[in-house]
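Please examine the sequence and the structure before reading on.

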Amino acid sequence: MWHVAFALALGIVLAVGPTASAYEVVDLQGAGSVSGRVRFGGERPAEAFLPVYKNADVCGERVPDGSLRVSEGGGLAGVVVEILGVAGGKPLPTGVAGLDNVRCAFVPRVQALVVGQSLELRNSDPVLHDAHARLGARTIFNLGLPSWRRVTHVLSEPGLYAIDCNVLHTWMRAWVFVSEHPYVAVTDHDGRFSLRDVPAGRYRLRLWHERLGEKRVGVAVEPHRESEIAVSFGGRGGEKRSPDRTGGVTPRSPDRTVGVISPIPARMRGMPPRGPAPGDGGLSPGP
Ligand SMILES: [Cu+2]
């Protein structure tokens, strides 16, 4: 059933405009912005922990499981929010991003960058870490990281990079989404995001979360205005179809947003310990 919904959603996306790979920097007359908040659709989960098998003197006997972070107010952190079908717009950011190891966790856990940006890998802990980055099943880099070492890697391929630490730190995981255009963000601790200088038009937003999977919502961007949306993601939000539970867009004013949404695939509702494998229905803009 969800295959049908997914295919329909994809068809709509393809009909909206050219793929992001055709992205060009253009003069931004009549741009607007999109901001919003992603809420977890269920009750706030109790804090979960994962066992530590190595370096417990530094890492502790257990570490927080950061794969589902919900604020006291219900905001869902770590959601990648990408506008689909933007053919042209503002310049790509060029700054160097960072991925640190802090108290035996990757920091930040989820980030969104653009093709061509560099990622500086570092280690603030007094123990050896490693950063093994994969796109799908393919290793992109695998770098041992003693505390003194800093390595800069240019992210030349778009896609969703899953990063693990291969020195028996089984609990460590980071995600880097590399986009072909700059209209991508990650929700903060309270589920908020903001995308600025967006060419006016109608788009679909793709939301991806490592445990909850993928979801799409429509949004209309008007010149010199801010479209504000609220999305419910995961929990019971994926199972009931009343308007406030399907994750329907809640516009600040009715004329500013459009559309609803493909439901969360049934296979993702159970929230397994690890999300879908990269490239396996995850946020993968590749062919
Ligand atoms: Cu490690």
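Helices (H or I, at least four residues) and strands (E, at least two) are DSSP runs, numbered from the N terminus. This is a predicted model, in which local features need pLDDT of at least 70 and side-chain atom pairs count only at pLDDT 80 or more, while totals for chains, interfaces and linings use all residues. Residues are numbered from 1 along each chain as its sequence is written.

Q: How many helices and how many strands does the protein have?
A: Helices and strands are both read from DSSP runs. Counted in this way, the protein has two helices and 20 strands.

Q: Is Val 58 buried or exposed?
A: A residue is buried if 20 or more other C-beta atoms lie within 10 Å of its own, exposed if 12 or fewer, and partly exposed in between, with C-beta atoms placed from the backbone. Val 58 belongs to helix H2 (residues 56-59). Because 12 other C-beta atoms lie within 10 Å, Val 58 is exposed.

Q: What distance separates the C-alpha atoms of Val 58 and Asp 125?
A: Two residues are in contact if their C-beta atoms, placed from the backbone, lie within 7 Å. Leaving aside neighbours within four places in sequence, the contacts of Val 58 include Asp 125 and Cys 104. Val 58 and Asp 125 are 67 residues apart along the chain, and their C-alpha atoms are separated by 8.1 Å.

Q: Is Cys 104 buried or exposed?
A: Cys 104 lies in the loop between strand E7 (97-102) and E8. Its phi is positive, about 65°, although Cys 104 is not a glycine. Because Cys 104 has 20 C-beta neighbours inside 10 Å, it counts as buried.

Q: What is the form of the peptide bond from Val 107 to Pro 108?
A: Most peptide bonds are trans. Pro 108 lies in the loop between strand E8 (105-107) and strand E9 (110-114). The bond from Val 107 to Pro 108 has omega near 0° and is cis.
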